[in-house]
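Hi,

Here is the structure I promised to pass on.

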Amino acid sequence: MVAMLGFSRAKVLAAVRDMYTEVAAAPQQPFHFPVGRGACLQLGYPDEVLDAVPAEALESFAGVGYPFRAQVIRPGDVVLDVGSGSGTDALVAARLTGPEGKVYGLDMTAAMACKLRRLASAAGIGHLAVVEGNAEAIPLADASIDVVTTNGVLNLVPDKRRAVAEIFRVLKPGGRLQLADIVIRRPVTPDCKADPKLWAECVVGATVDEDYLALFRDAGFECLESLRDHDYFALSRSHETREVAARFGARAIELSMRRGAAAPGTLRRLAQRLDPRRLVRSLRRRGFAGALALLVAVLACYGSIAAAGLLSLAGFTLAVNDAAVSGVVVAFVALAVVATAAGFRKHARASPFIVALSGGAVVAYAQMVSFSFAAEFAGFALVAVAIFLDRRAHGQLEQEAP
Ligand SMILES: C[S@@+](CC[C@H](N)C(=O)[O-])C[C@H]1O[C@@H](n2cnc3c(N)ncnc32)[C@H](O)[C@@H]1O
């Protein structure tokens, strides 16, 4: 999982099970996402591939892309389909591996697992085994799988980091992963993230695209290749789902990658996760770059004064270079102003930038020309107000998204 705050894991799992029990048992009813053979065709499955899949498996298809675009499954391979549902992809994979290979379909929804088991047995496909279980704890041996395929599933999994680590564990070194999934451009607001029904509809459990790719790189996957990126939710019959998806910039991606020789060690993983460039990018995406810059400026300004005061109380003298401190303060206030200017490009409201520019000018004047504590403090306060206005404008824009 990327962020576990704001939602109940138990409620999400229950909502996902309920939703996909319905898709397995009554696929003809209307769902908020595309289902069935029609959805497969819209996502790029060729007719001749679908003709070889039992109609009952196709009717409950609920994938979000065509992961076989990666073309990585060979005859004789051992394949695992994570979140196999009624088994369209597991059955396609079983044809590609041939009977000398083996396919496992893993799903935590009993109705889906039972449906696929029955269909595989009826079709006499002996090399397809169905396992009921959770992607966060795959009940298969280490390094036992040549190819993992998964379609529309990881966005539904509460602990995505764990599921990706499990996929890495069961794959052989050099093994391939082909997947289709939902990603988003903007982080989901906590109120939406806490809605189990929206999770089950494949929208709000999704991860911001950059963080999603980082999950795989952090786990030790290599050679990530993006095969396709498309507006999956445009296919939804529900106006509400299209609206929520548009608000967060949700879309489907298809990826292919390879498992590296070994998982990165703890220190490397920690360094990857604490990479300051990643942190800054993430703050910028969440619109907090301006707030961070202002915080650094305020800390540089009052922090150096406080440190000098505290050290002198302890009998030490701290030689503060006033010009250097002023330079740092002005530089970070300027960054905060630039961040609000960047916000203008999105929401086209000039007031945050004007207020930030005025505040920045006051701070620069107090620092560089004629020092006044009151003026300096007022300048910081104006920049803080500007950042608040900018964030509010962003929030309103997201609420108004079509
Ligand atoms: C959107 S459907 C896709 C099904 C299938 N891949 C397809 O293309 O038709 C998601 C499936 O993943 C399963 N699933 C969701 N979370 C899971 C988890 N944590 N572990 C195992 N299966 C899960 C659901 O039960 C459901 O069958």
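Below is what I found, going from the whole chain down to single residues.

First, some ground rules. This is a predicted model, so local features need pLDDT of at least 70 and side-chain atom pairs count only at pLDDT 80 or more, while totals for chains, interfaces and linings use all residues. Residues are numbered from 1 along each chain as its sequence is written, and side-chain values use heavy atoms, with hydrogens and water left out.

**The overall picture**

The protein has 17 helices and eight strands. These are DSSP runs numbered from the N terminus, with helices being H or I of at least four residues and strands being E of at least two. The C-alpha trace spans about 85 × 45 × 35 Å along its principal axes. Of the 402 residues, 47% are buried; buried means under 20% relative accessible area, exposed means over 50%, and partly exposed is in between (1.4 Å probe, protein chains only). The accessible surface comes to about 18200 Å², and 61% of it belongs to carbon and sulfur atoms. Areas like this come from the Shrake-Rupley method with a 1.4 Å probe, and for residues only the protein chains shown count as cover. Among contacts between residues at least 6 apart in sequence, 78% join residues at least 24 apart, where a contact means heavy atoms within 4.5 Å.

**The ligand**

There are 20 residues around the ligand, and Ala 62, Gly 83, Asp 107, Thr 109 and Ala 135 come nearest. To count as near, a residue needs a heavy atom within 4 Å of the molecule. How much of the ligand does the protein bury? Taken alone the ligand exposes 590 Å², and 100% of that is buried by the protein.

You'll find Ser 84 in the loop between strand 1 (78–82) and helix 5 (88–97), and its 8% relative accessibility makes it buried. Leaving out residues up to four places away in sequence, Ser 84 touches Gly 105, Leu 106, Asp 107 and Leu 116. Asp 107 is also among the residues that come nearest to the ligand.

**Salt bridges**

Side chains of opposite charge can pair when their charged atoms come close. Here a salt bridge is a side-chain nitrogen of Lys or Arg within 4 Å of a carboxyl oxygen of Asp or Glu, and by this rule there are 14.

- Arg 9 pairs with Glu 136, with the closest N and O atoms 2.5 Å apart. Arg 9 is in helix 1 (residues 9–25) and Glu 136 is in the loop between strand 3 (128–132) and strand 4 (145–151), so the pair ties together parts that are 127 residues apart in sequence. Arg 9 is partly exposed at 31%, whereas Glu 136 is buried at 3%.
- Arg 169 pairs with Asp 142 at 2.6 Å between the closest N and O atoms. Asp 142 is exposed at 52%, and Arg 169 is partly exposed at 23%.
- Arg 258 pairs with Glu 222, and their closest N and O atoms are 3.1 Å apart. Arg 258 lies in strand 8 (residues 251–259) and Glu 222 in strand 7 (residues 221–230), so parts 36 residues apart in sequence are tied together.

There is also a salt-bridge network that links Arg 37, Asp 47 and Asp 51.

Most residues other than glycine have a negative phi. Gln 71 has a positive one, near 50 degrees, and sits in the loop between helix 4 (55–59) and strand 1. Ala 143 also has a positive phi, about 45 degrees, although it is not a glycine; its place is the loop between strand 3 and strand 4.

Enjoy exploring!
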